[in-house]
Amino acid sequence: MRIASKMAAGTEGKRSRKSESQNEDEDEMEMEEEPDFSDPDDFVDDVTDEELLGDLLKKKPKATDGIDNVIVVDNIPEVGPERLEKLKNVVKKLYSKFGKVVNDFYPMDGDKTKGYMFLEFSSPLHAQEAVKMTNGYKLDKQHTFAVNLFSDFERFKNIPETWEEPEIKPYEDKGNLRGWLLNKDCYDQFSVIYDAGEKTAIFQNSQEPTKVEERARWTETYVRWSPQGTYLATFHQKGIALWGGEKFVQMARFSHPGVQLIDFSPCERYLVTFSPLTDNREDPQAIIIWDVRTGQKKRGFHCESQTTWPIFKWSPDGLYFARMNPDAISVYETPSFGLLDKKSLKITSIKDFSWSPTDNMIAYWVPEESNTPARVTLIEIPSRKELCVRNLFNVADAKMHWQKSGDHLCVKVDRYSKAKKMEEKDQLKYSGIYFNFELFRIREKQIPVDKVETKEQVLAFAWEPVNNKFAFIHGENPRIGVSFYAIQPKGKVEHLKTFDKRVANHLFWSPNGQFIVLAGLRSMNGVLEFIDTQDMTVMAQTEHFMATDVEWDPTGRYVTSAVSWWGHKVDNAFWIWNFQGNLVAKQALERFCQLMWRPRPPSLLTEKQIKEIKRNFKTWAQKFEIEDTMRKMTASKEMIEKRQALMSDFSKLKEEKQKLFEEQKELRLKLRGGVDTDAFDSHMDMEEETIEFLVKVEETIEE
Amino acid sequence: MKPIMLHGHERSITQIKYNREGDLIYSCAKDSQPNVWYSLNGERLGTFDGHNGAVWCIDVDWNTTKVLTGAADNTCKLWDAQTGQCVSTLETKTAVRSCGFSFSANYIMLTTDKTMGHPCEIFIFDVRDGGQLLSGDPLQKVSIPISDSKITSAIWAGLDENILTGHENGELRQYEMKTGDMLNTSKGHNKQINDIQPSKDGMFFITASKDFTAKLFDMETLEPLKTYKTERPVNSASISPLFDHVVLGGGQEAMSVTTTSTRIGKFDARFFHEIFEEEYGSVKGHFGPINSLSFHPDGKSYSSGGEDGYVRVHYFDQTYLDFRFEY
């Protein structure tokens, strides 16, 4: 109640101050009697402290504060006072390597120590380190330390005695997750981020791209589709959210603060997330693998080395995943998430590895070392059998490119003619670099290898996703060429064609092969060239000025080119082309950032059925053409209706204005002195005149 | 058809105008010499000599007897259209931004810039009163307070009665000539209005703005009717007297042009359907932004003047004249 009276005093003070600056007339007010704020004698305080200053009480120090720094060491020798000093020295020596020991306490039983003791460190991190390193430490034969954090007692005490069966979550019908595939016209969907990331929308690539769904601040950075298109992943400060189904409802949430990168397993069962913020020595949390359907955390990993994402590479069926460590590849298996055969593959000085996109097969390469040549090896998982080894000499660098169909592997090898040791650093300087492609034919017996060599700088390489062709960009600006090769079945690599003097820095094959887009993105101003590689004809040469990205739709029917706000600040838009390079639609969006096609799962049709469809191509084409013209007609009908409405609205207004105009005719005539200037009187019906001038008269007299 | 290039200016064009009959084109530029040309063949008929600074605006009366120019040398000059002689010079405190003859050509109006502590002002003179022109004492003067947004474009509205002004903040206002009162105002655009042009019957007008759009308004109510969207600042817009078409000109701002290529600048004249707001064509040619453009009074040709110093006269092909929107 003291507070209440203080408050009263405060208001009183204020009032008197106010009256000073006011008129003297108010003196009467001042004379009024003060209300009595003191408690009556029989007053009982019924306000608890909790209610009054609950927020302060919360900050009250607790007995358990700071105990994270304290550890308990059990199984120390029981000694009398004469040897206590010696014991203390031994313990101090042992524990001071983990950090500063602030305090120690040896409980005594009479004059003997009790066989355990307490140590306080300056920081919980040191305490944790000490527990980890000295638990199980053998002081001598009889004494093996059992070390715990003091806070562990609290934690383990609270574990209930009886095991409770986890509750089975009721089954929730999330609807058809592949509903978008049922679209009658096979329209594909794509996600678009625009307005500088403020808005995310899902479009359907119908005649005109139409919005299916749009949400403000759906994601905080960008979005990712799962590999078969079932889920859309959005990024948030607190973790990842997955959306799917007809209406894009939330399917799952994965809490991982500060998450930056994610990767799905190809089967969509697992999600790998990476966050640089939350690693913890005890409980690895830099990389977490989740079960997508249950939302369960499967395993956490540390992330010590700086490598490129994805750190974990998945086998195509999602049964295994692997990461590269110094001098080893660690292959883990699902669903146990343990190391395969409990040990990593030892590969000294391994540089890079990758899975085949279709088989459980890993390709890796190791560089040259003293007398052993560089080596590219193919191994089978889980048997670890070496399928093929290729030795290479004079290797400066190598890069592996798998064909999407898993039929071929190309290793692009940068080779040198001379290597010089740099003086300051322990690095080699290479000169006379040339390039060759080592082409592995995976499907053939013993995996034969062919070789293609080029002297020019290779800027990009790409396999046709199916069939047997590959393309690469070579040369130096402005003399850039694009070459096409095909691998023939009997082991011959055939040069198909080279296009010279091209403006290109990226290659984009259609997902179904045959068609390719050569693109000169970013610094090359967005030049696009559509090529049919069946007969090597250029179907279209065009440009989307300043384009930053090109992406094929999953069916190979359309290509999008885009100018992203992340790369270029003006003219942000995406354009849709058909595979022949005809522009289908232009869509300008304010501060457009990113477009991603929704992937499709692999076709369920059998090889035979696909062949059947290809054979009846003509009848299908006819049917679709009729549909197309029908659709076009209705679309143009809609547009014409819209125009008619606009026109009739405006005509009304114009008629009104025309009336007004006629009413003013007299005034106009008056203002211009009676001359009617309403009609346009053209003086333009001029005729061209030919004017002849007499320049000179000459007379010659002939003799 | 190949355009006729009128190359008589040494610096960027600021305004071009046809006379009522359409046989002459008047152009002014940042050099001090306005020109007059035959629109038919692009031959230069003559120049108006006398200004000492960039000429910002030009107008010609309805029967092509007088020409009015306003310039950055703080003068507005009245010329004899036939001889090219300066008839009268009106001195102002700051640069003259826009000027124009009234419908009857009995009055002229001019607006000045807000600089050097002087406010932006509208002046109206009666041309018939020689004393007014001589003394520079106007019939009417409207002063826009310094704190307010200045006028960037102005035309006569409603024959001889009102002045329509476009402002730096995108506002449109109508002032009554006789009283100097503001009759109506409307927030037309988000950014500076660069140009205002009336329709042939004076019932509508089109504005061109730095906010990347041009808009069609009702002259009486200042109500916006249509919007034409582009990706660049619009410097000038004109309504076709023949079809339901409008043409827009503009492009990347002049100050950033040197750092960008012509392709990114979007310096083409762009044609929209007046009612459907759909863009249906564009004409390339200028290698700088278009500062001013105008339809010929017969609607069968148009001219554009650009930052590149050229005036280009385009005669439409037959295909344009035959082209009809389906509706």
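Visitor: What makes A:Gly295 worth a look in the hairpin of β16(A) and β17(A)?

Guide: Welcome! In this predicted model, A:Gly295 takes a positive phi near 80 degrees. The hairpin of β16(A) and β17(A) has five residues between the strands.

Visitor: How do you know that β16(A) and β17(A) pair?

Guide: Two strands count as paired if DSSP finds at least two bridges between them. β16(A) and β17(A), the latter being residues 297-301, have four bridges in the antiparallel sense, so they meet that definition. As an example, A:Ile289 has A:Arg299 of β17(A) as its bridge partner.

Visitor: Why is β16(A) called largely enclosed by the rest of the structure?

Guide: Because four of its five residues, in the stretch 287-291, are buried. To count as buried, a residue needs 20 or more other C-beta atoms within 10 Å of its own.

Visitor: Which residues touch the most other members of the largest nonpolar core?

Guide: They are A:Ile362, A:Ile516 and A:Val517, in a core of 103 residues. Strand β24 of chain A, residues 361-366, gives the most to this core, with six residues. Apart from this core lies another, of 84 residues, including B:Tyr107 and B:Phe272.

Visitor: What does it take to say that A:Ile516 touches another residue, and which ones does it touch?

Guide: The C-beta atoms of the two residues must lie within 7 Å. Leaving aside residues up to four places away in sequence, A:Ile516 touches A:Ala471, A:Leu507, A:Phe508, A:Trp509, A:Ser510, A:Ile531 and A:Thr533.

Visitor: How many residues does each chain bring to the contact between A and B?

Guide: Chain A brings 23 residues and chain B brings 21. On the side of chain A, α8 (617-663) and α9 (665-671) each supply at least two residues. The largest share of that side, nine residues, comes from α8(A). By class, the side of chain A has 13 nonpolar, four polar and six charged residues.

Methods. Residues numbered from 1 in each chain as written. Chains lettered and ligands numbered in written order. Predicted model: local features only at pLDDT ≥ 70, side-chain atom pairs only at ≥ 80, totals over all residues. Core = buried A, V, L, I, M, F, W, Y, C linked by C-beta atoms within 7 Å. Buried ≥ 20, exposed ≤ 12 C-beta atoms within 10 Å, placed from the backbone. Nonpolar A, V, L, I, M, F, W, Y, C, P; charged D, E, K, R; others polar.
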